[in-house]
Amino acid sequence: QVIKCKAAVLWEANKPFSIEEVEVAPPKEHEVRIKIVATGICRSDDHVVTGAAVMPFPIILGHEAGGVVESVGQGVTSVKPGDKVIPLFVPQCGECKNCLNTKGNLCSKTDLGPSAGLMPDGTSRFTCKGKAIYHFLGTSTFTEYTVVHESAVAKIDSAAPLEKVCLIGCGFSTGYGAVVQTAKVKPGSTCAVFGLGGVGLSAVIGCKVAGASRIIAVDVNSTKFAKAKELGATDCINPKDFQKPIHEVLMEMTGGGVDYSFEVIGRTDTMTAALASCQYNYGVSVIVGLPPAAQKITFDPMVLFTGRTWKGSVFGGWKSKDAVPKLVADYMKKTFVLEPLITHTLPWTKINEGFDLLRTGK
């Protein structure tokens, strides 16, 4: 039956979240209803608040979470009530071209494009004050209960602490995977990471796990350097400390550019700087930060002609349903840490305070 619970509803852009009572419909065929235990705040959620990412309103945001299956619809075989799970904002249907290709991970069932904000059947499972509320990225985790398609949920180790591994639902996997999965960083190489938020720090962890000999962390907020060093950065530089463009600084520091660079901010100027800072013939630069809507990049094609590679990476290049349980298992085996990425833990009714902390770089 319908569950009544609390959710953080965003009624319109540039307004605070409103804690409301919502009705969550039961899961239909091949759908799963999840009790959300912990959810992270991501800059991509904030892009919807500010209008940088265009989504329909009213909407329940959130896409990085851990929870427990409450009930399942007809035909669901991969999870059952009581299972610990992570919702997947990049699903894995197993049938589309990207899912069937070994190199692909961006399932065509992803909730982007013309019908954004609805379940695969074109309807919503959320109602508030008699109005249908839109879903976000097929996950919507800023609510006590949510409904996702079976292709958008991964069963994980029942011993995993949800308040930690929820980060594997987006931020950690995105940064770490951009390094070990998309770029496939080689041991002994030199890397630069632009942006030291949760995803950027996860990229630093990836560089360290991959065996990079030099990891240069770049951010305009020097208060982030101590944590970057704790997680493996060998050098930390603030572009504000230099007169010359940052790519020239990195070229000089490394004798001709880094082997790999990662843009983990989502700004077009830093994307071109990251590209220019990698070695001119065999350097690889990966765009990890969500690019702002309707902005274009202009650059000198000679930057690519000499041999550099420019790549993008969504959800770290991982095939979500396959990879998330393995990443949780790696965390349980202490292959990497997640604790330093968690700066604050708040009751979820203080979600607006959480977003203020995000916006002030804390």
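Student: What kind of crossing does α4 make where it passes α5?
Tutor: A right-handed one, in this predicted model.

Student: At what angle do the axes of α4 and α5 cross, and within what distance do they come?
Tutor: The axes of α4 and α5, the latter covering residues 198-209, cross at roughly 40° and come within 7 Å. The two helices are therefore oblique to each other.

Student: Which residues of α4 and α5 make the contact?
Tutor: On α4 they are Gly171, Phe172, Thr174, Gly175, Tyr176, Val179 and Val180. On α5 they are Val199, Ser202, Ala203, Ile205, Gly206, Cys207 and Val209.

Student: How do the residues of that contact divide into nonpolar, polar and charged?
Tutor: Nine are nonpolar, five are polar, and none is charged.

Student: Switching to the sheet. What is the strand order?
Tutor: The order is β12-β11-β10-β13-β14-β15, an open sheet of six strands with parallel pairing.

Student: Which strands stand at the edges?
Tutor: β12 (235-237) and β15 (309-312) do. Each has a single partner strand, so one side of each lacks a neighbour in the sheet.

Student: By how much are neighbouring strands turned against each other?
Tutor: By 15° on average, ignoring direction.

Student: How many bridges join β10 to β11?
Tutor: Five, between residues 190-194 of β10 and residues 214-218 of β11. Within that pair, Ala192 is opposite Ile216.

Student: Back to helices. Which strands does α4 lie across?
Tutor: α4 (residues 171-183) lies across β13, β14 and β15, at about 135° to β13.

Student: And which strands does α8 lie across?
Tutor: Helix α8, residues 268-276, lies across β10, β13, β14 and β15. It runs at about 175° to β13.

Conventions: Residues numbered from 1 in each chain as written. Predicted model: local features only at pLDDT ≥ 70, side-chain atom pairs only at ≥ 80, totals over all residues. Heavy atoms only, no water. Pairing = 2+ DSSP bridges. Helix = DSSP H or I, 4+ residues; strand = E, 2+ residues; numbered from the N terminus. Axes fitted to C-alpha atoms, helices over the stretch in contact; angles between N-to-C directions. Contact = heavy atoms within 4.5 Å. Parallel < 35°, antiparallel > 145°, perpendicular 65-115°, else oblique. Left-handed = near helix turned anticlockwise from the far one by under 90°. Nonpolar A, V, L, I, M, F, W, Y, C, P; charged D, E, K, R; others polar.
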